[in-house]
Amino acid sequence: MPYLVKVFGLPRSGTTWVANWLMTANVRCLHDPAMRYRSGRLLRWAEEEVARGYIPAISCTAYWMCTDVVATDGPLLSLAGNVSKIQSSLGGLGLPALPEWLLAAWRDFTQPEAPGGNTFSLASLRNEKVARQVWRTLLGEVPFDALRHAELLRAHIAPAADEIARIRNVVEHYRRVA
């Protein structure tokens, strides 16, 4: 199994911010790679990045449902988010609400004994001490950049319009599957 740092969350839970935060000169972090790569291609990408001397990472709203990605070597953390705020945020963007079956699957995935049971909230990362702990859990000895962290906290980071359109397609796909 390839090495891959994994952060999973529901849409609008903070995965875009986390992907930006984790990207460094040593870390290559993809945001929502399921939109571009099937799981086999993602795993090959991770192997290629390791061979190039980088730490591959993803911050993703979909691959938590893909067992071959979840099972890769490397740390896995889940973003805990307030579901009603997530649903409201989706609605504010003109996106459909996440279906109940998906929310139930997410709750199961993030139970303490489940693969995604080690959770943190985006809001908790505002605390530099907590952010340093999460960083160390995910990236080990890669230096934490406190100035960059502080600057990212001041920035509004959101998916681009084409990403929103892709999220709409994914959510609508989930609704049809239900």
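Author: In helix H5, which spans residues 100-109, the buried residues are Leu102, Leu103, Trp106 and Phe109. Buried here means under 20% relative accessible area, with exposed over 50% and partly exposed in between, for a 1.4 Å probe and protein chains only. Viewed down the axis of H5, its buried residues fall within an arc of 120°, so they line one face of the helix; the arc is taken from the directions from the helix axis to the C-beta atoms. Helices (H or I, at least four residues) and strands (E, at least two) are DSSP runs numbered from the N terminus.

The model is predicted: local features need pLDDT of at least 70 and side-chain atom pairs count only at pLDDT 80 or more, while totals for chains, interfaces and linings use all residues. Residues are numbered from 1 along each chain as its sequence is written, and side-chain values use heavy atoms, leaving out hydrogens and water.

Next, the core. The largest nonpolar core has 26 residues, and Phe8, Leu42, Ile58, Tyr63 and Val69 touch the most other members. H5 supplies at least two residues of this core, as do helix H2 (39-51), strand S3 (55-60), helix H3 (67-70) and helix H4 (83-92). Such a core is a set of buried Ala, Val, Leu, Ile, Met, Phe, Trp, Tyr and Cys residues joined through side-chain atoms within 4.5 Å. A second, separate core of 22 residues includes Ala57, Leu125, Val134 and Phe144. Leaving aside residues up to four places away in sequence, Ile58 touches, among others, Phe8, Cys29, Leu42, Tyr63 and Val69, a contact being heavy atoms within 4.5 Å.

On the cysteines, the structure holds zero disulfides, a disulfide being a pair of cysteine sulfur atoms within 2.5 Å. For Cys29, the nearest cysteine sulfur is that of Cys60, 9.7 Å away. Cys29 counts as buried because its relative accessibility is 6%. The sulfur of Cys60 lies 9.3 Å from the closest cysteine sulfur, in Cys66, too far for a bond. Cys60 also counts as buried, at 0% relative accessibility.
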